[in-house]
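Subject: Structure handover

Hello,

Here is the structure we talked about. Please open it first, then read the notes below.

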Amino acid sequence: MLHINRARWWGLTLVFVLFFATLGLVWMDEGEETAQGRRGKVLTGLDIVLANPGMFTGKRVGLITNPTGITADYEHSLDAMLRKGIRVTEVYGPEHGVRGTEQAGETPGELIDPKTGLPLSNLYGKKPVDMVPMFADVDVLVFDIQDVGTRFYTYISTMAYVMEAAAIADKPLYVLDRPNPLGGVRVEGPVLEEKHSSFIGLFPIALRHGMTVGELATLFNEWFFPKSGKKKVDLHVVKMKGWSRQEAYGQTGLPWVMPSPNMPTITTAQVYPGTGLIEATNLSEGRGTTRPFELIGAPYVEGWKLAEELNRERLPGVKFREAYFTPTFSKHQGKAVGGVQVHVEDPATFDPILTGLAIIEKVKKLYPSQFAWRESGEPYWMDKMTGTEKVRQQIDQGKSAREIVHSWAAELNKFKELREKYLLYPARGIPH
């Protein structure tokens, strides 16, 4: 009897071992399949080019890129294009440089890439007329940079300058499209007034425009260039496959590589359209910390008071925590700073611009004699960032953040109508 029980026991054990081993293999297969699905869900413009390298046969290619120009497997566009036999002969970088080493406003130097031996040239700080001779030794230009979806982030201005220079030089430009990390549905913020045009906002578009770089390039080329008397460029947008406008960046299957030193995470990009405006005040926007644009404060701010005021507003999708930090560079360097940390709880309902304006509103209310704009007179940086003097004036008049947001509804609706004509992707996604 004991012998039979042991036999049964070993038989049952074997059955269980085989069952769970098989189940484990299924789980592993499903995990691998899911990971592969994530990696392959959205194909960027770079992926399309790498699958069709013959489109540049016999051409000397000038590549405009930075660390964000990568494949889903983290291979840089320069290396991937060379591997595919595409003859890249010049490489150009925007603000922060090809390698992303420079802080905001610093001019990258001219370097030789130690791996490929190619020159890495700087476009930041140069006008289109300065770029024309830089493009003399290439036959075609390729733009592959991840944008962050905010008008005052300078990569789309660099793209516009490249477009203008390429048109003058009679060079075709290929824009390799990538997702807007804020999605492609919501359009928010003031529309830039032409008198406030600058490198942090060239054309009358919304602060949060909800467009990809390919869509923006099409809008610039087809609408704003002719309106301003500029020559149109021979533009080719290499569209993505598999991207849906309502899709969060985390759903694309694409890795996030910080596009600049102070844009480390997706959350940074989510808050940036609003808390980026803190740059225009004497508050620290968190530069010099590990949470830029999420930590906000100044030596005169009592964190608990500001957090209470902001949480009382019940702003959508966000909570505020009192916080203290010491910036290692930028405003209030080396000083203990009181303020808040912005915690995005629901990105789908979070309104970054309303949030950024609410922070400024409440600080000005709590500390009227200590809060100040970055400049003491015109031109104000706030006017350049918002594209209008009205926002700053409304804050100075004591208007609430919600009142200010409502005030630009008419102009925003006009931009939405214009924008619709240049969208390249339907709301429900793109067929593979």
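One definition first: a residue is buried under 20% relative accessible area, exposed over 50% and partly exposed in between, using a 1.4 Å probe and protein chains only. By that rule G242 is buried, because its relative accessibility is 8%.

Now the ground rules. The model is predicted, so local features need pLDDT of at least 70 and side-chain atom pairs count only at pLDDT 80 or more, while totals for chains, interfaces and linings use all residues. Residues are numbered from 1 along each chain as its sequence is written, and side-chain values use heavy atoms, with hydrogens and water left out.

Elements are DSSP runs numbered from the N terminus: helices are H or I with at least four residues, and strands are E with at least two.

**G242**

G242 sits in the loop between β9 and α7 (266–275). T44 is 198 residues away from G242 along the chain. Their C-alpha atoms are separated by 8.8 Å.

**The sheet**

Two strands count as paired if DSSP finds at least two bridges between them. Seven strands form an open sheet, in the order β3-β4-β2-β1-β5-β6-β9. The pairing is mixed. β3 (111–112) and β9 are the edge strands, each pairing on one side only.

Strand β1 (residues 61–65) and strand β2 (residues 88–93) run parallel, joined by four bridges. There, V61 stands opposite V88 of β2.

Strand β5 (residues 140–144) pairs with β6 in the parallel sense, over three bridges. L141 has L173 of β6 as its bridge partner. Strand β9 (residues 235–238) also runs parallel to β6, with four bridges between them. Here L176 is partnered by V238 of β9.

Which residues of β6 lie on each side? L173 and V175 are on one side, Y174 and L176 on the other. All four are buried, and both faces of the strand are covered. As background, side chains in a regular strand alternate between the two faces of the sheet.

**Helix α5**

β5, helix α5 (residues 155–169) and β6 make a right-handed β-α-β unit. Right-handed means that, with the strands pointing away from the viewer, the path from the first strand over the helix to the second runs clockwise.

Is α5 enclosed or open to the outside? 13 of its 15 residues are buried, so α5 is largely enclosed by the rest of the structure. Its length agrees with expectation: at 1.5 Å a residue, the 15 residues should span 21 Å, and the end C-alpha atoms are 21 Å apart. The expected span is 1.5 Å times one less than the number of residues.

**Backbone details**

D170 follows α5 and lies in the loop between α5 and β6. D170 has a positive phi of about 55°, although it is not a glycine. D170 is exposed, with a relative accessible area of 57%.

H332 is not a glycine either, and has a positive phi of about 60°. Look for H332 in the loop between β11 (318–325) and β12 (337–344).

The peptide bond from E378 to P379 is cis, with omega near -5°. P379 is in the loop between α9 (352–366) and α10 (381–386).

**Cavities and a pocket**

The search used a 1 Å grid over the protein atoms alone. A cavity is a set of points where a 1.4 Å probe fits but cannot get out; a pocket is an open set with protein on both sides within 12 Å along at least five of seven lines. Lining residues have an atom within 4 Å of a point. Points are joined across faces, edges and corners, and a volume is the space filled by probe spheres set on them.

How many cavities of 30 Å³ or more does the whole structure hold? The search finds two.

Of its 19 lining residues, L182, G183, R208, P347 and A348 are the closest to its centre.

Best wishes
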